Amino acid sequence: MQNPEVVVVGLGAMGALTLWRLAARGVAALGVDRFAPPHDRGSSHGGSRIIRTAYSEGAFYVPLLQEAWTLWDELERASGTRLIHPSGALMIGGPDSDVVRGALESARSHGLAHELFEAGAARARWPQHVLGGNEVALFEPRAGALLPEAAVGAALDAARARGAGVLTGRRVAGIECGDREVMVGLDGGDTLTCRHCVVAAGPWTGALLPELSASLEVERQVVAWLPVDDPAMFGPERFPVFLRQLPDGRYRYGIPSLDGATIKVAVHHEGARTAPDALLREAGPSDLGPVVEFARTALRGVRPEIARSSVCMYTNTPDERFMLGALPGRPGLTVVGGCSGHSFKFSAILGDVAADLAVDGSTRRDVAAFDPARLVGVPR
Ligand SMILES: Cc1cc2nc3c(=O)[nH]c(=O)nc-3n(C[C@H](O)[C@H](O)[C@H](O)COP(=O)(O)OP(=O)(O)OC[C@H]3O[C@@H](n4cnc5c(N)ncnc54)[C@H](O)[C@@H]3O)c2cc1C
């Protein structure tokens, strides 16, 4: 594409979905990625992501999630590809735990379907979970497992079908914002000139936008798949995605079997800080021990052994809210990212809002909580 109106830098979840939403508006858009998405180098791989609607992280996320579901449905239809396995979700913890109390509050305030189970009733319905007597489980039906590689691939295909360009294997070396145009410099010396640039570089955002680097923390994350005794008990129709808060506040989560043999189990956070290009990609015993221990003590019918594992990265903001919007002193630029380990499910709506901002300079959605200006020059 010779004269793109908008250039999207990075084509993981955020960039691929932004490119699709720009193309859906008829905008001449070009996406650039240093690798060949969908790939396993950044944050948008690993076979599955949790999507839910009741949101313990804050009731203000719910309207965005409701719009995200609609866009995921649209992308499934456009691509003819299954992107979501509905399963419902279980939030497990003490009645006053953040995960249960927060999800309950958001479900009540937005009138979302949900059901709260005492430990005994939860054990009877989901014998795969070991619950202590003082724990509860909040079930919400509007949840499931979202397929990240398929979603990124479908969004890129849908964007191409609407005329967008996709340039892979090219690294953006620098971005210069002028009053009338933005210059996107590629490794090798070429420069793309555009009216607007959306930066969706995931863990590499701080390298491209140094004013954000002090406030963004890239965190290594390991996920694992463990074999189950009876696969029929662990499919999406019998075993909801789950988020469990332990009595000391730490989180574990799991995703039903999508391969008929294993479930995915992982620790949320607790990973080491890393530089994205120095990421240790092999999982070791200290990564996998807590997962095995959780399977041994909190799950029934899951073998405490690792079938396979994968390493990924979170890009954390200090308040774990995303970044979406303009940056002071950078006209013609929108940044979307800072995903803090929970943004995949939102990427369809965040991409749509990024497209609003690139085209109109404003959006009807309430995204004030994600203003990137709050992070400029703020050390973690
Ligand atoms: C283990 C794990 C589990 C998660 N679980 C969930 C979950 O259950 N539910 C949920 O909603 N979210 C979840 N998340 C969060 C979610 O997956 C991520 O936040 C999301 O995928 C981030 O996407 P991104 O596009 O910002 O980053 P990435 O996917 O990393 O994309 C960034 C892209 O930019 C490209 N790039 C970077 N620099 C340049 C450059 N200079 N030039 C060109 N290209 C460049 C990269 O190659 C990459 O393709 C999880 C994340 C991880 C790691």
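Biologist: Which domains does the domain assignment give for the protein?
Modeller: The model is predicted. Its domain assignment gives domain 1 (6-45 + 148-211 + 319-375) and domain 2 (88-143 + 217-316).

Biologist: How far apart are the C-alpha centres of domain 1 and domain 2?
Modeller: They lie 30 Å apart. The contact between them uses 13 residues of domain 1 and nine residues of domain 2.

Biologist: And by class, what is on the side of domain 1 that touches domain 2?
Modeller: That side has nine polar, three nonpolar and one charged residues.

Biologist: Let's turn to the ligand. Which residues come nearest?
Modeller: Gly10, Gly12, Gly42, Gly202 and Cys339 do. The ligand has 39 residues around it.

Biologist: Which domains does the shell around the ligand draw on?
Modeller: Domain 1 and domain 2 each give at least three residues to the shell.

Biologist: Which helices and strands supply at least two residues each?
Modeller: α1 (13-24), β2 (29-33), β3 (49-51), β14 (217-227) and β18 (308-316).

Biologist: How does the shell divide by class?
Modeller: Into 20 nonpolar, 13 polar and six charged residues.

Biologist: Now the sheet of eight strands. What is the order?
Modeller: The order is β6-β7-β5-β15-β16-β17-β14-β18. The sheet is open, and the pairing is mixed.

Biologist: Which strands stand at the edges?
Modeller: β6 (115-118) and β18 do. Each has a single partner strand, so one side of each has no neighbour in the sheet.

Biologist: What does the twist average from one strand to the next?
Modeller: The average is 20 degrees.

Biologist: Back to β6. How many bridges join β6 to β7?
Modeller: Four, and β6 and β7 (residues 136-140) run antiparallel. Leucine 116, for one, has leucine 138 in β7 as its bridge partner.

Biologist: Which strands does helix α7 lie across?
Modeller: α7 (residues 285-298) lies across β14, β15 (241-245), β16 (251-255), β17 (262-268) and β18. Its angle to β17 is about 115 degrees.

Biologist: Last topic, helices. At what angle do α2 and α8 pack?
Modeller: At about 95 degrees, for α2 (residues 62-79) against α8 (residues 347-360). Their axes are 7 Å apart. That angle makes α2 roughly perpendicular to α8.

Biologist: Which residues make the contact?
Modeller: From α2, Leu64, Glu67, Ala68, Leu71, Trp72 and Leu75. From α8, Ala348, Ile349 and Asp352.

Biologist: And how do the residues of that contact divide by class?
Modeller: The contact of α2 with α8 has seven nonpolar, two charged and no polar residues.

Key
Residues are numbered from 1 along each chain as its sequence is written. This is a predicted model: local features need pLDDT of at least 70, side-chain atom pairs count only at pLDDT 80 or more; totals for chains, interfaces and linings use all residues. Axes are lines fitted to C-alpha atoms, for helices over the stretch in contact, and angles run from 0 to 180 degrees between N-to-C directions. Angles under 35 degrees count as roughly parallel, over 145 as roughly antiparallel, 65 to 115 as roughly perpendicular and the rest as oblique. Two residues are in contact if their C-beta atoms, placed from the backbone, lie within 7 Å. Ala, Val, Leu, Ile, Met, Phe, Trp, Tyr, Cys and Pro count as nonpolar, Asp, Glu, Lys and Arg as charged, and the others, Gly among them, as polar. A residue is near a molecule or strand if its C-beta atom, placed from the backbone, lies within 6 Å of it. Domain bounds come from an automatic or database domain assignment. Two strands pair if DSSP finds at least two bridges between them.
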